[in-house]
Amino acid sequence: MLVSDSPPAGSPASAVAVGVFDGVHVGHQQILSRVVQRAAAAGLCPTVVTFDTHPAFTLRPQNAPLLLTDLRQKLALFDDLGLQQAVVLPFEDRLATTPAEDFVSRVLVEGLAAKLVVAGADFHFGADRQGSTGTLRVAGARWGFEVETVDLHHFPNAPEPVSSTAIRRALAGSRVADAAQMLGRPYAIRGTVIEGDRRGVTIGFPTANIPVATDRAWPADGVYAGLFCDSDDARYGCAINIGRRPTFFEHAEHSILEAHLLDFDGDLYGHDVQVEFLRFLRSERRFSGIDELAAQLKKDTENARRIVAEIL
């Protein structure tokens, strides 16, 4: 997949989706897959236009949402879906104040020679979010491109349609299985394994520690069953703890992620890894001492092993 920070010179005629696509959840996947399908049928280049950061970090930084995916993850997911071209626009003040009509003419028409634009029914863009699917249809009639809209994805009996906000809410409530359903895959965190205080080793449950990024959405503090994916594509079941380790630290300021790998013995320091959350096991709590904690960790590991075996 070709990735650039502006429409490439001489771009072929394209079918285009535009959006933040944080999470690349099942609703986003419907839009992007439709672009790929329609592009294949019409001989167009399937293209996605997105941004290097969430627009809220520029427009309302004090209320910017925690991100579900970093740019590296998003691009990998775009590639998996069959997009051939990704334009990652730097979201800065100049872009934030660009009128919707100017964005269409400069990026979609002149830059990408768009013949089809696919968007979600609630899509808004341009300065003050004044652009909508209606704006796209008017522009399409003027410049000769088709506009197709995709309705919000709504699972049967779900209280609300799939959205990045709904996924963040699920994660904050420890509902990682619900988040996985909306994402179409387990929620995943990438990071580099750092050296911890080795307390896990002393009680028989060594862990790979990953720092919590302040701009990312994390599941609520607790214990989870999951998968640990190393940089060499090796995968291991694991029991994951996110929290402040109250048995050891009474007033820890920050949560950390610790993953105890099943059936693994080795050194992972410095490895770039991915941790995937499968099921919530229990809330974090303080234990009376090391023996009680170790007994619970044994139960957590057994439960994680059972869940991983059911899923894999």
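Biologist: Is F91 buried or exposed?
Modeller: F91 is buried, at a relative accessible area of 12%; buried means under 20%, exposed over 50% and partly exposed in between, with a 1.4 Å probe and protein chains only. This is a predicted model, where local features need pLDDT of at least 70, side-chain atom pairs count only at pLDDT 80 or more, and totals for chains, interfaces and linings use all residues. Residues are numbered from 1 along each chain as its sequence is written, and side-chain values use heavy atoms, with hydrogens and water left out.

Biologist: And F51, what is the relative accessible area there?
Modeller: F51 has 10%, so F51 is buried.

Biologist: How many aromatic pairs are there?
Modeller: The count is eight. Rings of Phe, Tyr and Trp (its six-membered ring) pair if their centres lie within 6.5 Å; planes under 30 degrees apart are stacked, over 60 edge-to-face, the rest tilted.

Biologist: Why is the pair F51 and F91 edge-to-face?
Modeller: Because the planes are at 90 degrees, with the ring centres 5.4 Å apart.

Biologist: Which aromatic cluster includes Y187?
Modeller: Y187 forms one cluster with Y224, F277 and F280.

Biologist: Switching to cysteines. How many disulfides does the structure hold?
Modeller: Zero, with a disulfide taken as a pair of cysteine sulfur atoms within 2.5 Å. C229 is in none, and its nearest cysteine sulfur belongs to C238, 8.4 Å away.
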